[in-house]
Every structure is written in C-alpha cells, then in structure tokens.
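Reader: I would like to learn how to read a few features of a model, one at a time. Please give the general idea, then the case at hand.

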Amino acid sequence: MSKYLILFRFTQKGIENIKDSPARVEASKKLFQDMNAKVEKFYGLMGRYDTMFIVDAPDDETIVKAAATIGSLGNVQTETLRAFTEEEYKSIIEALP
C-alpha cells in the first residue's frame, strides 16, 4: 500500500452546504473503503486548503478514481500528493547514480 495526501478546497457549493461536510467526510471514507483503500487521518486546515485526508491505497489508479468521484460531486476541489515513507525516500536517494 502507498500513502497519499489529498488536500481539499471547498467550492462555492461546498461552503454553502458546510453543515453537510461531516457527513460528506464519512461518505468519502466509505468510498475509499469500498475501493480497498483506507483514510487513516482527517484534518481540518487553516490556509489555502480547508481539509485533508491521509490515505493508504493499493495504487495511483485507486486514488485517481476516488478523488475524481469526490470532486465530481461539486463540493470540493482536490489536490493529491504521493507521500513516501522515510525508508522509501532513503531507498530512492540511495539509488541515484
């Protein structure tokens, strides 16, 4: 499994329906679970982004499908980052020519 950070920004529709946000978070967690992925953490944020997930997923395709599905509902825009553990990072750097 690989780690991903998914950053969310509310759209106008999402902020207009902000009180529904906790239910949308739970629905998104279920979506990931149904796709064989797991939302490990949720955070509300201050700044450019409003919320974020830390997700464990089997592959990039799963994350793209999940993020596209969530984004298509119109409440948020997403930005996804692949995260590497310290061990993975060291291995990548050590493999440099």
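Reader: Is Leu 96 buried or exposed?

Author: Leu 96 counts as exposed, because its relative accessible area is 53%. The classes are buried (under 20% relative accessible area), exposed (over 50%) and partly exposed (in between), with a 1.4 Å probe and protein chains only. This is a predicted model, in which local features need pLDDT of at least 70 and side-chain atom pairs count only at pLDDT 80 or more, while totals for chains, interfaces and linings use all residues. Residues are numbered from 1 along each chain as its sequence is written, and side-chain values use heavy atoms, with hydrogens and water left out.

Reader: Where is the place of Leu 96, and which residues make the nonpolar surface patch?

Author: Leu 96 sits in the segment after helix 4. Helices (H or I, at least four residues) and strands (E, at least two) are DSSP runs, numbered from the N terminus. A patch takes residues with over 30% relative accessible area and no salt bridge; like charges are joined within 9 Å, and nonpolar side chains (Val, Leu, Ile, Met, Phe, Trp, Tyr) within 5 Å. Here Phe 84, Tyr 89, Ile 92, Ile 93 and Leu 96 make a nonpolar patch of about 510 Å². Accessible areas come from the Shrake-Rupley method with a 1.4 Å probe, and for residues only the protein chains shown count as cover.

Reader: What are the totals for the chain, such as its accessible surface and its elements?

Author: The accessible surface comes to about 6,500 Å², and carbon and sulfur atoms hold 55% of that. Of the 97 residues, 31% are buried. There are four helices and four strands, in the order β-α-α-β-β-α-β-α from the N terminus. Along the principal axes, the C-alpha atoms fill a box of roughly 50 × 30 × 20 Å. Among contacts (heavy atoms within 4.5 Å) with a separation of 6 or more, 67% join residues 24 or more positions apart.

Reader: With which residues is Ser 28 in contact, leaving aside its neighbours within four places in sequence?

Author: Ser 28 is in contact with Phe 53 and Ile 70. Ser 28 belongs to helix 2 and is classed as buried because its relative accessible area is 12%.

Reader: Salt bridges next. How many does the count come to?

Author: The general idea is that side chains of opposite charge can pair when their charged atoms come close. The rule asks for a side-chain nitrogen of Lys or Arg within 4 Å of a carboxyl oxygen of Asp or Glu, and the count is six. One of them joins Glu 26 to Lys 29 at 3.5 Å, N to O. These two residues are three apart in helix 2 (residues 21-34), so about one helical turn separates them. Glu 26 is partly exposed at 48%, and so is Lys 29 at 29%.

Reader: How far apart are the closest N and O atoms of Asp 34 and Lys 30?

Author: The distance is 2.9 Å, and the pair forms a salt bridge. Both residues lie in helix 2, four residues apart, about one turn. Asp 34 is exposed at 54%, whereas Lys 30 is partly exposed at 47%.

Reader: In which sense do strand 2 and strand 3 pair?

Author: A pairing requires that DSSP finds at least two bridges between two strands. Strand 2 (residues 38-44) and strand 3 (residues 51-57) pair in the antiparallel sense, over six bridges. Lys 41, for one, has Ile 54 in strand 3 as its bridge partner. In a regular strand, side chains alternate between the two faces of the sheet.

Reader: Which residues take a positive phi?

Author: Among them is Gly 47, with a phi near 115 degrees, in the hairpin of strand 2 and strand 3, where six residues lie between the strands. Asn 36 has a positive phi of about 65 degrees, although it is not a glycine. Asn 36 lies in the loop between helix 2 and strand 2 and is exposed, with a relative accessible area of 55%.
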